[in-house]
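Here are some friendly notes to read with the model open beside you. Take the points one at a time and find each residue as you go.

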Amino acid sequence: MKKIVITMSVLALAVVLLSGKKGDNVMTKEKGAYVVNTTTLAKDVIGYEGQTPLKIYIRKDKVEKIEALPNNETPKYWNATVKHMLDKWNGKKVKEAKALKVDGRTGATYSSDAIRENVKRGLEYYEKNK
């Protein structure tokens, strides 16, 4: 009887752990748009002061908008970088947005590189999981 209980417990734990992939909250749907959150998707993408997650909104296979999420970047440089870069992908089809070469912000190389990598991973995730 103990073996059955232990086996059932192990199986239940395995189901919970394996189901994390589907409900990973990387991509959700809000008001008809897919929203890709790069917080866990690109947790190894580091700007100057740490992780730089984004939310990428995609509707009808086009990037609608990109929002910066809370991070530890220097506000002066981060805000200038966000203002300079994020709207460059807006209105582009996902395939076109992936190929886009967006210039970074002078003086904020790490933040700029991190934004580009977050966008790249987010768009790739969308294509594989839509």
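1. A word on exposure comes first: a residue is buried under 20% relative accessible area, exposed over 50%, and partly exposed in between (1.4 Å probe, protein chains only). Aspartate 61, at 27% relative accessibility, is therefore partly exposed. Please keep in mind that this is a predicted model, where local features need pLDDT of at least 70 and side-chain atom pairs count only at pLDDT 80 or more, while totals for chains, interfaces and linings use all residues. Residues are numbered from 1 along each chain as its sequence is written, and side-chain values use heavy atoms, leaving out hydrogens and water.

2. Now the overall layout. The protein chain has five helices and four strands, in the order α-β-β-α-β-β-α-α-α along the sequence. These elements are DSSP runs numbered from the N terminus: helices are H or I with at least four residues, strands are E with at least two. Of the 130 residues in the protein chain, 31% are buried. Taking contacts (heavy atoms within 4.5 Å) with a separation of 6 or more, 55% are between residues 24 or more positions apart.

3. Back to aspartate 61, which sits in the loop between E3 and E4. Its phi is positive, about 60°, although it is not a glycine. Lysine 60 is in the loop between E3 and strand E4 (62–68) too, and has a positive phi near 55°. Why point these out? Most residues other than glycine have a negative phi. Lysine 60 counts as exposed, at 77% relative accessibility.

4. Next, look at the rings. Rings of Phe, Tyr and Trp (its six-membered ring) pair if their centres lie within 6.5 Å; planes under 30 degrees apart are stacked, over 60 edge-to-face, and the rest tilted. This rule gives two aromatic pairs. Tyrosine 34 and tyrosine 126 are edge-to-face, because their planes are at 65°, with centres 5.6 Å apart. Tyrosine 34 belongs to strand E2 (residues 33–37) and tyrosine 126 to helix H5 (residues 109–129), so this pair ties together parts 92 residues apart in sequence. Tyrosine 34 is partly exposed at 26%, whereas tyrosine 126 is buried at 3%.

5. How are the rings of tyrosine 48 and tyrosine 110 arranged? They are tilted, with 35° between the planes and 5.8 Å centre to centre. Tyrosine 48 is in the loop between helix H2 (38–41) and strand E3 (54–59), and tyrosine 110 is in helix H5, 62 residues apart. Both tyrosine 48 and tyrosine 110 are exposed.

6. Two lysines deserve a look as well. A charge sits over a ring if NZ of Lys or CZ of Arg is within 6 Å of the ring centre and within 35 degrees of the ring normal. Lysine 29 lies over the face of tyrosine 34, 4.7 Å from the ring centre. Lysine 65 lies over the face of tyrosine 57, also at 4.7 Å from the ring centre.

7. Finally, please find threonine 40 in helix H2. With a relative accessible area of 47%, threonine 40 is partly exposed. Leaving aside residues up to four places away in sequence, threonine 40 touches Asp24, Val26 and Gln51.
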